[in-house]
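Biologist: Please take a close look at the aromatic pairs of this structure and describe their surroundings in one connected account.

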Amino acid sequence: LGAWLRKLDLDELQSVFMLNGWDNVNFLNGVIDKDDLRELGVNNDKIRKRLMSSVEEDLPRTKPHVRPTSVEQWLQSLDLSHLLMGFNTNHMSSMSRVLEIWEVELTTTLNIKHVGHRKRIMQSILDIRKLQHHEKRKKYRLRLCVDTTA
């Protein structure tokens, strides 16, 4: 994060990014938006545009290629392993339950304070749901091919 912000000559923003859970550049592209930057106190429109442009052009877009098989594996992939106990304590210890989480549960039940972490989690859940949908469609098409050749 620090190196990326230094490259943009905006290293004074590092602490505010960190304090709000925007602590990993691998989870900014596709997650953070201009409104989030405004909430961080980035009120200068040119700076917000420069940040968003760099997020979209220079930073990786992390998406799951394989569905995680456990909550522990999933949280590790998000660099949020420290949240595992909260998920387990609140009976969210299976991926099927995690995929049903509502955003409000992240604050009310799991007490996840950092907006960056909450948005990272919700984007990941959306990405996994899309991956599941794609896998189901692929399996269905494969079944159709097998049925028509039989």
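**Aromatic pairs**

Modeller: Phe17 is buried, its relative accessible area being 1%; buried denotes under 20% relative accessible area, exposed over 50% and partly exposed the range in between, with a 1.4 Å probe and protein chains only. The model is a predicted one, in which local features need pLDDT of at least 70, side-chain atom pairs count only at pLDDT 80 or more, and totals for chains, interfaces and linings use all residues. Residues are numbered from 1 along each chain as its sequence is written, and side-chain values rest on heavy atoms, with hydrogens and water left out.

The rings of Phe, Tyr and Trp (its six-membered ring) pair if their centres lie within 6.5 Å; planes under 30 degrees apart count as stacked, over 60 as edge-to-face and the rest as tilted. By this rule there are two aromatic pairs. In one of them, the ring centres of Trp4 and Phe17 are 6.2 Å apart and the planes stand at 75°, so this pair is edge-to-face. Trp4 belongs to helix α1 (residues 2–7) and Phe17 to helix α2 (residues 14–19), so the pair ties together parts 13 residues apart in sequence. Helices here are DSSP runs of H or I with at least four residues, numbered from the N terminus. Trp4 is buried, at a relative accessible area of 7%.

For Trp74 and Phe87, the ring centres are 5.7 Å apart with planes at 80°, so that pair is edge-to-face. Trp74 sits in helix α5 (residues 71–77) and Phe87 in helix α6 (residues 84–89), 13 residues apart, and the pair thus links distant parts of the chain. Both Trp74 and Phe87 are buried.

How values were computed:
Helix = DSSP H or I, 4+ residues; strand = E, 2+ residues; numbered from the N terminus.
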